[in-house]
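Hi there,

Here is the structure I promised to pass on. Have a look at it, and then read on for what turned up around the aromatic rings.

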Amino acid sequence: MRYYETLYIVDPNLDSKILEKTMTEIEQELSKTKSKVINHRVWDKKRLAYQILNHKYGSYVILQFEVGDQTKMLDFDVWMKLNNFIASQMQQC
């Protein structure tokens with residue numbers, strides 16, 4: 001089994017309901033790869049190293065999961081990059 005961790009940044013001004021909806025959408029998209037979510041939570045609001053879309057701060061969300069179908073992970077990666085609410089960085093543990 002391969003374990004992955006994804007840290008993505010969302011707009012710090014998002015309403016909590018919209019943030020929850022975004023996190024649910026990400027989990028649903030990840031379930032298409034037959035992966036198992038281990039941990040998915042808002043980490044903290046932090047100052048960014050440089051401004052993104054005129055924001056000095058961002059809410060960091062951490063997602064840890066066990067990969068199911070490795071061949072479908074590319075589709076998930078592309079979907080994350082195209083999602084308007086997030087900027088992501090994926091790395092293998």
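A word on terms before the findings: rings of Phe, Tyr and Trp (for Trp, its six-membered ring) count as a pair if their centres lie within 6.5 Å, and a pair is called stacked when the planes are under 30 degrees apart, edge-to-face when they are over 60, and tilted otherwise. Please keep in mind that this is a predicted model.

By that definition, the structure holds four aromatic pairs. One of them joins Y4 and F65, which are stacked, with 5.9 Å from centre to centre and 15° between the planes. Y4 belongs to strand β1 (residues 3-10) and F65 to strand β3 (residues 55-66), so this pair ties together parts that are 61 residues apart in sequence. Both Y4 and F65 are buried.

F65 also pairs with F76, this time edge-to-face: the centres are 6.2 Å apart and the planes make an angle of 75°. Here too distant parts of the chain are linked, as F65 is in strand β3 and F76 is in helix α2 (residues 73-82), 11 residues apart. Like F65, F76 is buried.

Taken together, Y4, F65 and F76 belong to one aromatic cluster along with W79.

Two lysines are worth a look as well. K46 has its charged end over the ring of W43, at 5.2 Å from the ring centre. K45 lies over the face of Y57, and there the distance to the ring centre is 5.7 Å.

Happy browsing, and do write back with any questions!

Best wishes

Technical notes:
Residues are numbered from 1 along each chain as its sequence is written. This is a predicted model: local features need pLDDT of at least 70, side-chain atom pairs count only at pLDDT 80 or more; totals for chains, interfaces and linings use all residues. Side-chain values use heavy atoms; hydrogens and water are left out. Helices (H or I, at least four residues) and strands (E, at least two) are DSSP runs, numbered from the N terminus. Buried means under 20% relative accessible area, exposed over 50%, partly exposed in between (1.4 Å probe, protein chains only). A charge sits over a ring if NZ of Lys or CZ of Arg is within 6 Å of the ring centre and within 35 degrees of the ring normal.
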